[in-house]
Amino acid sequence: MSDMVQSTLIDNSILSHGKFGYPISIALPNWGNRLALIQAKPALPPDQHWLRTQIEALPTIARLAREKTLALHSYFELEMEEWRGGNFPALILGDVFSNVEIARVSAPLDRSFFQTDMKDFVGADAQIQFCQFLLNDSSKILKAPKILARLTASQISNLKEAKRYREICRSLSPKQYVDALHVWTGELNGIETFLTTDATLVRALSSNKKLLLRCKPIFPEALLVEMGIANREPLPFEYGRRYSLNGLPHE
């Protein structure tokens with residue numbers, strides 16, 4: 001195993017799967033009150049063995065992050081997806097990424113500069129529209145001095161590199177353009193991998209044989225194998241079991 005710290009941009013599928021339980025309440029016999037408990041998620045069925053393997057690698061991924069062997073990163077567009085997807089706020093019990101540092105990196109461009117209608121700004125459609133702007137119209141900004149004067153030097157540099165974003169998108173569908181933006185963001189920030197469980201995205205990117213990614217999409221189990229990690233962390237909960245808020249099994 002290398003002593004160097006590896007870096008990864010963490011997809012929201014990872015954060016979602018990293019929550020192994022959810023809150024419930026049950027009625028108490030002969031009482032008017034209800035008892036708050038944590039319900040552990042059930043095991044995935046046998047036909048989803050591959051995904052189960054990826055999910056069961058996540059406690060070890062979180063341990064490596066706490067040990068500073070693996071550096072986790074996120075950025076604004078991934079955070080927006082997290083807020084829309086209900087991953088926020090986190091349930092601490094059973095969330096393997098609670099108390100794990102996730103560093104924030106810069107987006108290629110500040111989307112709020114180009115999309116000012118806050119009503120639509122938070123929606124998935126707005127993200128896709130912004131990606132289509134990057135693909136089709138970003139070069140026009142470089143010919144608009146008044147707009148360039150309001151951008152930072154790094155944003156202007158990223159606009160000049162938008163051709164790279166188009167290369168990443170070449171084998172993808174429009175719905176995957178936002179994922180391509182994540183990969184491009186990872187490249188611009190010098191991050192080695194994009195940690196995800198999105199097998200469809202990885203297949204689509206892999207179909208472009210000429211594309212050599214500097215931020216490589218990778219699955220959790222593959223990352224642990226690549227890092228030479230043999231000592232694996234157990235799951236925080238037993239599948240399907242109920243737990244008290246102190247973390248002990250509820251019988």
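Me: Hi! Which strand is Ser7 found in?
Reply: Ser7 sits in strand E1, residues 6–10; strands (E, at least two residues) and helices (H or I, at least four) are DSSP runs numbered from the N terminus. This is a predicted model, where local features need pLDDT of at least 70, side-chain atom pairs count only at pLDDT 80 or more, and totals for chains, interfaces and linings use all residues. Residues are numbered from 1 along each chain as its sequence is written, and side-chain values use heavy atoms, leaving out hydrogens and water.

Me: Is Ser7 buried or exposed?
Reply: Ser7 counts as buried because its relative accessibility is 12%. Buried means under 20% relative accessible area, exposed over 50%, and partly exposed in between (1.4 Å probe, protein chains only).

Me: Leaving aside neighbours within four places in sequence, what is Ser7 in contact with?
Reply: Its partners are Leu70, Ala71, His73, Gly190, Ile191, Glu192 and Thr193, with contact meaning heavy atoms within 4.5 Å.

Me: Switching topic: what is the strand order in the open sheet?
Reply: The five strands run E5-E4-E1-E6-E7 with parallel pairing; two strands pair if DSSP finds at least two bridges between them. The edge strands are E5 (102–104) and E7 (216–218), each pairing on one side only.

Me: How many bridges join E4 to E5?
Reply: Three, and E4 covers residues 70–74. Ser74 stands opposite Arg104 in E5.
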